[in-house]
Amino acid sequence: AIRASSPTAVFVDGASRSLISALLPLLPAGLPVVLRDAAEARTLRGSGDRTPVLVVDRRAVADWRPVATRPAAAAAHLWDLDRDGGRWVARTHAALLDDVERHAEWQGIHGGDRVSHLHPLDSIRGLIDLLLPWSMGGVACAPGVEDRVGVWLRGARLSVLRLTPTRLRAMEAEGALVSAILSTVRVVSLEGEGHRGADVATLRGALPEAVIDSIFGRVEIGSSVFVHRIQ
């Protein structure tokens with residue numbers, strides 16, 4: 001699996017530390033291994049020079065200083081979790097920022113907005129989902145793992161509801177799509193998969209005044225490429 005994913009480094013921590021001795025001979029020559037513990041790194045370095053062994057630089061918070069990042073530098077982010085661990089997208093920091101700004105402009109998101117972040121209950125799991133409300137001074141709102149979404153929605157007071165049509169149908173079956181629960185929502189964003197006419201009718205019944213957008217591209221590349229405002 002490691003060879004197939006062609007990583008540029010391997011970070012070893014937690015339970016995987018006990019596997020490191022067996023792991024090293026399997027790694028491509030020259031692939032850096034990063035550990036959190038300096039003593040373990042020194043021991044590992046003594047086993048040979050086939051694999052570079054690095055240590056995470058941990059410093060006290062008081063000594064921490066932000067490191068300037070060039071807009072053209074690559075930023076890798078996890079956008080879709082799956083049973084194999086997830087898929088990553090690498091884009092520049094400038095492209096990420098542009099993506100966030102485009103989303104905010106499309107949906108009119110601003111400071112004070114409360115935006116749904118349904119991870120881990122939905123398939124939409126990109127960095128954008130958190131950066132979008134944060135960058136505008138808003139709040140990303142997520143239910144707990146054990147929460148029923150309908151109950152959670154009553155207290156979430158969302159102004160922007162982002163969800164997949166599958167999640168929409170599950171919420172309807174749960175009785176969560178009623179005006180009394182969603183009275184604060186002004187924008188609904190259907191993302192991640194195709195919607196049906198019945199989905200729009202359901203939303204219109206609960207939120208007759210809300211803006212409804214259908215966003216394409218999220219699942220395929222972790223970034224929206226097209227927005228259709230449903231009339």
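The exercises below, each with a worked solution, concern a predicted model of a protein chain.

Residues are numbered from 1 along each chain as its sequence is written. In this predicted model, local features need pLDDT of at least 70 and side-chain atom pairs count only at pLDDT 80 or more, whereas totals for chains, interfaces and linings use all residues, and side-chain values rest on heavy atoms, with hydrogens and water left out.

**Exercise 1. State how many helices and strands the protein chain has, and what percentage of its residues count as buried.**

Step one is to count the elements, which are DSSP runs numbered from the N terminus (helices H or I with at least four residues, strands E with at least two); the protein chain has nine helices and eleven strands. Step two turns to burial (buried means under 20% relative accessible area, exposed over 50%, partly exposed in between, with a 1.4 Å probe and protein chains only), and 38% of the 231 residues count as buried. Step three takes the contacts (heavy atoms within 4.5 Å): of those with a separation of 6 or more, 56% are between residues 24 or more positions apart.

**Exercise 2. Determine how helix 6 and helix 7 pack, and which residues meet.**

Two packed helices are described by the angle between their axes and the distance between the axes. The axes are lines fitted to C-alpha atoms, for helices over the stretch in contact, and angles run from 0 to 180 degrees between N-to-C directions. Helix 6 and helix 7 have axes 9 Å apart and an angle of about 95 degrees, which makes helix 6 roughly perpendicular to helix 7 (under 35 degrees counts as roughly parallel, over 145 as roughly antiparallel, 65 to 115 as roughly perpendicular, the rest as oblique). On the helix 6 side V149, G150, V151 and L153 take part, and they meet R167, M171 and E174 of helix 7. By type, the residues of this contact are four nonpolar, one polar and two charged (Ala, Val, Leu, Ile, Met, Phe, Trp, Tyr, Cys and Pro count as nonpolar, Asp, Glu, Lys and Arg as charged, the others, Gly among them, as polar).

**Exercise 3. Describe the angle between helix 7 and helix 8, and the residues that make the contact.**

The axes of helix 7 (residues 165-174) and helix 8 (residues 197-206) come within 11 Å and cross at roughly 50 degrees, and the two helices are therefore oblique to each other. The contact is made by P165, L168, R169 and E172 of helix 7 together with D199, T202 and L203 of helix 8. These residues divide into three nonpolar, one polar and three charged.

**Exercise 4. Identify the residues that touch the most other members of the largest nonpolar core, and the element that gives the largest share.**

A nonpolar core is a set of buried Ala, Val, Leu, Ile, Met, Phe, Trp, Tyr and Cys residues joined through side-chain atoms within 4.5 Å. The largest has 24 residues, of which L153, L158, M171, V188 and L190 touch the most other members. Two or more residues each come from helix 6 (149-156), strand 8 (160-163), helix 7, strand 9 (187-191) and helix 8, and the largest share, four residues, is that of helix 6.

**Exercise 5. Decide whether L31 is buried or exposed, and do likewise for W134.**

L31 lies in the loop between helix 2 (20-23) and strand 2 (33-35), and it counts as buried because its relative accessibility is 7%. W134, in helix 5 (residues 128-135), has 51% relative accessibility and therefore counts as exposed.
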